[in-house]
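Hi,

Here is the structure I said I would hand over. Please have a look, then read my notes below.

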Amino acid sequence: MSFDENLQIKSFVNYKKAYQESLKNPEKFWDKVANHFIWKSKWNKTLTWDFKKPEVKWFEGGKLNITENCLDRHLEKQPNKDAIIWEPNDPNEESRHITYKQLYLKVCQFANVLKNNGIKKGDRVCIYMPMIPELTVAMLACARIGAIHSIVFAGFSSEAIASRINDATCKILITANNYYRGRKSVELKAICDQALKNTPSIETVIVYRRTVNPTPMKEGRDKFWFDELQKVPTQNEAEEMDSEDPLFILYTSGSTGKPKGMVHTTGGYLIGTAFSFQNVFQPSKNDIYWCSADIGWITGHSYIVYGPLAAGVTTVMFEGVPSYPDYNRFWEIIEKYKITQFYTAPTAIRALAKQSITHVEKHDLSSLKVLGSVGEPINEEAWHWFNDNIGKGNCPIVDTWWQTETGSIMISPLAGITATRPTFATLPLPGVQPALMNEDGKEIEFNNQKAEGILTIKAPWPAIARTVWGDHERYKNTYFSTYKGKYFTGDAAYRDASGNYRITGRVDDVIIVSGHNLGTAPIENAINEHEKVAESAIVGFPHEVKGKSLYAFVILYHEEDASEELKEEIKKQVANVIGPIAKPERIQFVPELPKTRSGKIMRRILRKIAAHKTDDLGDISTLENDDIVKKIIDKAILD
Ligand code: WTA
């Protein structure tokens, strides 16, 4: 079997049927889906689970290799179809078309490079690369030999890389010398060299030469990608993996400064991403699908690489940014490749909507069939702008709610099948059982009435992350202890009388800025590391394009140190420790922070101050120091 259109649900009646089936008998439902794929040997138990422990196992005893499902199985029917179309940052550089056969050979060969460098099944491999096809080759090569990839977004700082490498004790680092993002040159190798001073587990660094710029290399440790390829053949037998063997680790923000490495496993992740991709985007044989996310995030893992390749679809990878060389770029790409499904983020939509509409009007976007949104709630104006100007009212918008932890899309319309509604992610995919919880921690049963509450999930789906790398206790505490027996999402949601969900936002310490999840604790830690800073608190405030932006309240040891220069130093410090995406936009020096008697910072109040909504501060009687609130308000930074 090659192109899997037959995995697709084709009508709303069938969606309802599939949904009911998946609830009544999940084992039977997922057996049927999993049978579409290549297994080296079949599983003997479809599902074992206990959210109290917590433990989840899918397709136990089954053996497979995910790359055989993403590559080998397409070789017979569509070897010459483009697997990847790559659009470089610079529109004058040539794009690349890589067929399924070519990608297969590249992956096999690089798998041999990894083996040749001593990498074995179960070893961790850190990948820190720009959006180039070699990033996909590297990740699939890991999967080919059973090594666990840990991709670090190329916008992260050297400290962030080092902490991720050390957390998973990665043996090898794969990177590029440098690349251009818009007009900016990013010295990836130099950033790695900084990180490598504190990463004792790394034995080898493989460097892809993306540009002709000089590359500092360390004798004995650093090797060029191209040189390594010369040493190995292109044949590689895929490693036999257990369905529950880890496929990758991907870090996400949490409530402490330590990165939280979500572990995804092989069988369930393949089935979950492939099934959801097919059904949400409804691709057909000759479609050209483009997801504008970065592979450094879960969206790129699941819906640039694994989902589309498992489906045998052509997936577009874009190295650059929407504003370079100008704001025509996205529309140019859609026109150039005749993109059929375009999956992007609300922050990008808002940024593009602010530009002159002539950018859009100059381009023929008639190839588009489906539009997608992910990463944060999409506001009504952005939804309509996307629908009217890009979809021309003809393309269903799939507003897909999911998370790094869920691995695959959870709540979303199926394109052309589920009725869409602005700002609503609508209905759960088959196999997904959402539940809203009220303030007493009880489930609000669905009885055709509107409701609002905390979003949880009642039962496992195939692509759920199985643990936090090296810290199962943290996995349990973060996701399974707030509501006994349920998966806690960290989001709140509204449900209408027909059962459609609208995600209203995070209820924990995560702030989403331009679609990036940022934990308040790691940023506060970074600020507090500055020698002049005693304490700090970070909150989000509404921002027209980014959705949310960061506001830092900072206490200095000596108030007289307060200055604009110090604010810049603090921003730089955050960029160095975490990455430029985490820089606070506003910094206010304060003498104290509002705290409860038990010493907890009252972020609720700080959030209101940052958003200039101070007429209704709610109950502040529990504050230890309520007089501070007025002082902070008086000096709050306004627009
Ligand atoms: C938010 C991204 C509203 C949500 C795939 C979630 C959304 C967090 C949507 C996960 C959506 C994602 N509507 N909110 N369609 N999609 N979110 O781990 O708060 O980077 O918990 O995964 O993004 O972000 P993550």
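Which residue in E30 does Ile 538 stand opposite? Ile 538 stands opposite Ala 552.

First, the ground rules. This is a predicted model: local features need pLDDT of at least 70, side-chain atom pairs count only at pLDDT 80 or more, and totals for chains, interfaces and linings use all residues. Residues are numbered from 1 along each chain as its sequence is written, and side-chain values use heavy atoms, with hydrogens and water left out.

Confidence: the chain averages a pLDDT of 95, and 99% of the residues score at least 70. (pLDDT is the predictor's confidence in each residue, from 0 to 100.) For the complex, the predictor gives an ipTM of 0.99 and a pTM of 0.93.

Helices (H or I, at least four residues) and strands (E, at least two) are DSSP runs, numbered from the N terminus. Strands pair if DSSP finds at least two bridges between them. E29 and strand E30 (residues 547-556) run antiparallel, joined by 10 bridges.

Angles run from 0 to 180 degrees between N-to-C directions, with axes fitted to C-alpha atoms, for helices over the stretch in contact. Contact means heavy atoms within 4.5 Å.

**The eight-stranded sheet**

A second open sheet has 8 strands, ordered E12-E11-E8-E6-E7-E14-E15-E24, with mixed pairing. Its edge strands are E12 (222-224) and E24 (467-468), each pairing on one side only. Strand E7 (residues 148-151) and strand E14 (residues 246-252) run parallel, joined by 2 bridges. His 149 has Phe 248 in E14 as its bridge partner.

**A helix pair**

Helix H6 (residues 158-167) packs against helix H7 (residues 188-196) at about 55°, with the axes 8 Å apart. Ser 158, Ile 161 and Ala 162 in H6 meet Ile 191, Gln 194 and Ala 195 in H7.

Best wishes
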